Amino acid sequence: KATVSVLYCCSHYTNMLRYEDLVFTSKLEEALEKMRQILGREKDSVQALRDVSHGYEDKYQVAEFLGGLAVGGWWNAGRALGASEEVAQETASWAASGEAIMLRFTMSTTCKYLRKETREVQPSFSTETETETTTTYSERRTRTKTVVKVTEHFWRFEATYTLSVYKGSDARGQLPISSSKCSATIKTLKSTKESPPYPSSTTGKPVDVDISSLVRALGEDGVAKVEIDRSSDETHTPRRNKVTGELFASFERLWVWVDAVWWEFNSLPSCPDATQTDPYSIFNPVAPVMGNTAITTLLVAQAESLESLPNNAEETLTLHTQRETHFLTVLNHVQALSASYCNGVDYLEETLRKQLEEAVGKQLTPDDFGAYMQHHYKTFFKLEQHRPKMFCHSVRREGCYPDGVLSIVSSSQGEEAPVEMFQRAFGKQTTTVRINSSTVVAMEGEVDVHCWMGQAFESKRGLSGGAVLAATARQFSCFVLLLGKLGSGNEFLPSNALIVKDKDEVRIPLEVEAIPTPKAFEAAVSSLSPEQQEFAEAYRVMQLEGSLFGVAVVQIKPQLEELLRLPSEALTKEVELTQSILQLFIEYHVPPDLIMFSEHDALPNLPTAGKVEIVRGHVSKVLNMIQQAKEGELREKRMRDTYANEGCVKRRRRCSSYEDRDRDRDR
């Protein structure tokens with residue numbers, strides 16, 4: 001029976017690409033000890049980045065140092081796998097011409113029938129028979145022996161694997177790096193010549209990885225050269241820049257590629273275990289260290305440790321030889337190099353973050369950035385009118401005490417405060433509001449445009465703590481609050497409306513959604529068809545037109561005075577009358593014609609007090625009429641209840657008389 005050994009590739013290095021500060025720091029100490037052993041007299045020049053005083057430029061130098069060691073170490077591993085100088089020169093010329101360079105692994109297997117053998121196998125058991133005769137007092141024993149014949153079938157299993165490079169998509173022009181074959185004899189009991197234990201011939205799917213960035217960093221002379229352009233707009237930190245980003249992505253892809261190659265070997269009848277392919281037996285030179293350390297010295301030490309690995313291909317009883325063990329050990333070492341580089345540059349970024357936290361004394365949040373920008377605006381904008389102001393407005397008539405307050409607040413650091421916004425006043429403007437399909441109202445008043453500029457991390461956009469529109473009315477005060485969007489042509493499109501009155505406090509959460517910036521929009525539509533681009537642009541115009549949130553405040557007392565044909569400020573001190581009028585309009589929906597002032601009600605040139613008294617008389621009459629209607633409804637309801645109760649009493653009396661009659665009959 002064939003034995004199949006399944007190894008889950010590189011189980012010891014799962015999640016190695018994910019940076020963990022404590023784990024990486026301990027591994028860095030081990031790497032420093034190995035480096036000091038190799039450097040000898042120069043061991044004191046090697047120190048961890050966090051252990052020495054350094055400048056910001058030193059971090060870029062360490063990032064370049066890491067990249068040079070990682071690329072050089074990767075090329076040493078390629079040489080150990082069979083890459084020659086001709087391969088290096090050819091791939092360098094491809095990289096110089098801008099071609100994409102792919103590394104490919106392929107494996108094919110064959111399973112051929114050899115022979116059939118039959119042999120005898122003695123079992124471990126035997127039987128005995130005893131016979132006793134009483135006449136002669138003799139005893140006879142008989143032992144039976146069983147022999148089993150076993151027929152065995154022998155197969156020859158061979159696996160051929162090849163490592164090569166090619167440029168672009170031309171996989172036919174592959175440049176071979178190494179090719180090897182391993183074979184083993186498989187013995188089975190159940191299979192026959194017509195039913196092999198494995199397919200007679202298979203060709204695995206090629207496993208490819210893009211190594212263009214690594215070859216470009218290697219250079220035509222075979223020396224690793226990694227240089228970060230500090231002046232580029234894409235360069236932000238030693239970790240976040242174009243060069244480091246490309247190398248980081250390349251080593252990530254290389255890590256995944258090695259895993260895929262391991263799975264190809266796991267599909268074979270047997271495979272080397274993890275103890276035979278330990279990458280830590282090879283010196284790993286990639287570490288973020290400070291000092292005048294020569295890259296060449298460390299790479300030479302790595303190359304010597306690679307050369308010390310056994311790499312023979314003698315025949316063995318198992319499928320794999322020392323050559324396969326050497327091949328997989330070097331691949332595991334490539335994964336270790338990839339993990340060291342990725343974690344090393346993340347170590348630089350984490351060091352930079354910790355130093356910034358130590359400088360400011362805390363971990364910064366979007367609220368901290370907002371507080372800083374408020375301070376920055378005060379020093380940057382010299383004129384007061386240019387600085388952002390809190391969105392907090394009083395609802396008032398000119399020269400009068402405020403009827404309420406309207407504001408947009410946000411929770412920042414546990415405290416709720418109005419949001420600061422840039423503001424521009426446009427003076428009096430006329431805005432139209434469509435109430436229904438046949439009614440359009442024109443509003444004239446002061447128009448202010450506000451712009452909020454917030455700070456947020458990329459993972460969390462919008463107002464930190466959430467934005468809330470808060471409206472508060474004072475006692476015996478009222479106003480209408482309209483919420484909606486601003487359309488084209490000074491048109492206000494209301495979506496909600498409410499009356500805020502008599503110490504009401506309204507809080508409405510605002511949902512802030514982000515739309516793509518012009519640069520992001522252009523990048524997104526660049527590959528669309530002309531028709532799709534035209535539709536996307538038209539839809540964006542609609543989004544921009546409807547993205548301006550609008551709030552309109554309509555004071556009720558001035559509108560009541562206009563509606564009732566009263567002079568301005570006639571109802572300012574008429575609190576009871578105003579409350580009664582609002583009650584008639586809101587609760588009873590009384591037509592305004594019944595209570596408004598008319599020229600037929602009095603003599604011309606009547607003073608304001610007289611007009612107010614006439615309106616008060618109309619309101620009193622309507623209220624009395626409503627009160628009489630209520631009293632009539634109450635009387636009618638009482639009469640119905642009385643008639644219903646009398647009917648119940650009569651039915652009860654009738655039922656009682658029937659019961660007495662039946663009781664007398666029974667007696």
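How many aromatic pairs does the structure hold? In this predicted model, the structure holds 17 aromatic pairs. One of them is formed by tyrosine 56 and tyrosine 60, whose ring centres lie 5.2 Å apart with 90° between the planes, an edge-to-face arrangement. Both residues belong to helix H2 (residues 56-81), where a spacing of four residues separates them by about one helical turn. Tyrosine 56 is partly exposed, at a relative accessible area of 38%, whereas tyrosine 60 is buried, at 4%.

A further pair consists of phenylalanine 251 and tyrosine 341; the ring centres are 5.2 Å apart and the planes meet at 45°, so this pair is tilted. It links distant parts of the chain, with phenylalanine 251 in helix H5 (residues 242-266) and tyrosine 341 in helix H7 (residues 322-360), 90 residues apart. Phenylalanine 251 is buried, with a relative accessible area of 0%, and tyrosine 341 is buried as well, with 1%. Elsewhere, Phe105, Tyr161, Phe265 and Phe327 are joined into a cluster by ring pairs.

Aromatic rings also meet charged side chains. The charged end of arginine 115 is placed over the ring of phenylalanine 154, at 4.3 Å from the ring centre. Arginine 239 lies over the face of phenylalanine 248, and here the distance to the ring centre is 4.1 Å.

Salt bridges in the structure number 18. Glutamate 357 and arginine 353 form one of these, with an N to O distance of 2.2 Å. The two residues are four positions apart in helix H7, and are therefore separated by about one helical turn. Glutamate 357 is partly exposed, with a relative accessible area of 23%; arginine 353 is also partly exposed, with 35%.

Arginine 387 is bridged to glutamate 384, the closest N and O atoms being 3.2 Å apart.

Since arginine 507 lies in strand S19 (residues 505-510) and glutamate 416 in strand S13 (residues 415-418), the pair ties together parts that are 91 residues apart in sequence. Arginine 507 is partly exposed, at 39% relative accessibility, as is glutamate 416, at 44%. Finally, a network of salt bridges links Glu57, Glu64 and Arg230.

Notes: Residues numbered from 1 in each chain as written. Predicted model: local features only at pLDDT ≥ 70, side-chain atom pairs only at ≥ 80, totals over all residues. Heavy atoms only, no water. Phe/Tyr/Trp six-rings, centres within 6.5 Å; stacked < 30°, edge-to-face > 60°. Buried < 20%, exposed > 50% of the residue type's maximum accessible area, 1.4 Å probe, protein only. Lys NZ or Arg CZ within 6 Å of the ring centre and 35° of its normal. Salt bridge = Lys/Arg side-chain N within 4 Å of Asp/Glu carboxyl O.
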